[in-house]
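Subject: Structure handover

Hello,

Here is the structure I promised to pass on. Please open it alongside this message.

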Amino acid sequence: MYAPERDACDSCGAFKSCLRRFFSMYAIYVDESGNPDIKDYTSKHYIVAGVSTPLKSWKAKDKAIRDSLTKNRLDGIELHTAWMARIFPEQQRIPNFIALNDEDRRKSVLIERKKDIAKASIISDRAIRSLRNNYKKTKDYIHLTHAERVNILQEIADIVASWGDVKLFAEAQQKASLDPDKPDKYRSIALEQVTTRFNTYLENACPFEAMGILVHDQNQANSLQLTGQFREWHKLGTKFARLSRIAETPLFVDSSLTTMVQVADLISYAVRRFFDVNETNLFDRIYSKFDRKPNGVLVGLRHYTGKVNCKCRVCVDHNR
Ligand SMILES: [Zn+2]
């Protein structure tokens, strides 16, 4: 008769405790903020961030984020931090915007946006395209004031901070320290850092046959290049370690449908704003979740500044 609970685990010889191995799958959801092209002046740093979670608690986390969005009048809407955090000047031109209901807020903003498109048509086609893109990306949030949107982002950062089994990983590259001709190289280096740290975390903190997979936003990465890079790391190891705990090449998903990639988007945004403009509102809420050694040294977040000596609190905590 088949009695799995009486079979000893191959690794540890335990009986019932070996069932734990069935719960030892982890995923790290990865997204980036900014880009490594130093000719792009919209950001001073390029960030790749990952949110690691045991898959056994994925469903509860997915629900917590969706419930928060629904409660905050964003039912079924993507959490896209950079667009939500923007100030919408149209809202500021509408008298007593805050007193309107959601439907009237939307109508009023759309009227203002039409006026702005008309003004842009006098300037150039490029100005129109830029405005239209902006409006498309933000259309789901125009019924919320800036304060309401910031409150939602803070609430979600607090939810992430409350998850005891989550660890964060990120690489922040100061663009002034990068070679301008090799943006793809730095994308690869950043992913290598996050992947290696995640692998080490699985080896050290989750020793019981824990294995991990990467889930990556498909919109912001050269999936073919990163897949090829991953195959090489599986064969030869990264510059820092053998990938003993990582399975497969990254799974590329549509971030608009994947809540935890949207959470990674919030983390990467918070990290970039901290390094770019010393904005701590979101960063301070999640900083404690970055992986550390038992002696307290920060290893889950690296600030790369090349040969430039940096004394920011991340570099101090990292013992750079
Ligand atoms: Zn630093």
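This is a predicted model: local features need pLDDT of at least 70, side-chain atom pairs count only at pLDDT 80 or more; totals for chains, interfaces and linings use all residues.

Below is what was found in it, by topic.

The domain assignment of the protein chain gives two entries. Domain 1 is made of two segments, 25-77 and 165-317. Domain 2 covers 89-141. The C-alpha centres of domain 1 and domain 2 are 33 Å apart.

**The nonpolar core**

The largest nonpolar core counts 58 residues. Ala170 and Ile267 have the most contacts inside this core. Which helix gives the largest share of the core? Helix α9, residues 259-277, supplies 11 residues, the largest share. Leaving out residues up to four places away in sequence, Ile267 touches Ala49, Val51, Leu168, Ala170 and Ile286.

**Helix pairs**

Two packed helices are described by the angle between their axes and the distance between the axes. Two pairs are set out here.

Start with helix α4 (residues 102-123) and helix α5 (residues 125-138). Their axes come within 8 Å and cross at roughly 155°. Are α4 and α5 roughly parallel or roughly antiparallel? The crossing angle is over 145°, so α4 and α5 count as roughly antiparallel. On the α4 side, the contact is made by Arg113, Asp116, Ile117, Ala120, Ser121 and Ile123. On the α5 side, the residues are Ala127, Ile128, Leu131 and Tyr135. This contact divides into seven nonpolar residues, one polar and two charged.

Now helix α6 (residues 146-162) and α9. The axes of α6 and α9 come within 11 Å, and they cross at roughly 105°. That angle falls in the 65 to 115 degree range, so α6 and α9 are roughly perpendicular to each other. From α6, Leu153, Ile156, Ala157 and Val160 take part. They meet Val263, Leu266 and Ala270 of α9. The contact of α6 with α9 has seven nonpolar residues, no polar and no charged.

**Ile65**

Ile65 is in helix α1, residues 58-71. Ile65 and Asp37 are 28 residues apart in sequence. In space, their C-alpha atoms are 32 Å apart.

**Leu144**

Leu144 lies in the loop between α5 and α6. Leu144 has 20 other C-beta atoms within 10 Å, and 20 is enough, so Leu144 is buried. With residues up to four places away in sequence not counted, Leu144 touches Arg73 and Arg149. Asn281 is 137 residues from Leu144 along the chain, and their C-alpha atoms are separated by 19 Å.

**Positive phi**

- Glu248 has a positive phi, near 65°. Glu248 sits in the loop between α8 (223-236) and β5 (251-253). Glu248 has 12 C-beta neighbours inside 10 Å, and 12 or fewer means exposed, so Glu248 counts as exposed.
- Asn278 has a positive phi as well, near 55°. Asn278 sits in the loop between α9 and α10 (283-286). Asn278 counts as exposed because it has 9 C-beta neighbours inside 10 Å.

**After α11**

Where is Asn319 placed? Asn319 is in the segment after α11 (313-317). Asn319 is exposed, because 11 other C-beta atoms lie within 10 Å. Asn319 and Asp265 are 54 residues apart in sequence. From C-alpha to C-alpha, Asn319 and Asp265 are 27 Å apart.

Best wishes

Terms used
Residues are numbered from 1 along each chain as its sequence is written. A nonpolar core is a set of buried Ala, Val, Leu, Ile, Met, Phe, Trp, Tyr and Cys residues joined through C-beta atoms within 7 Å. Helices (H or I, at least four residues) and strands (E, at least two) are DSSP runs, numbered from the N terminus. Two residues are in contact if their C-beta atoms, placed from the backbone, lie within 7 Å. Domain bounds come from an automatic or database domain assignment. Axes are lines fitted to C-alpha atoms, for helices over the stretch in contact, and angles run from 0 to 180 degrees between N-to-C directions. Angles under 35 degrees count as roughly parallel, over 145 as roughly antiparallel, 65 to 115 as roughly perpendicular and the rest as oblique. Ala, Val, Leu, Ile, Met, Phe, Trp, Tyr, Cys and Pro count as nonpolar, Asp, Glu, Lys and Arg as charged, and the others, Gly among them, as polar.
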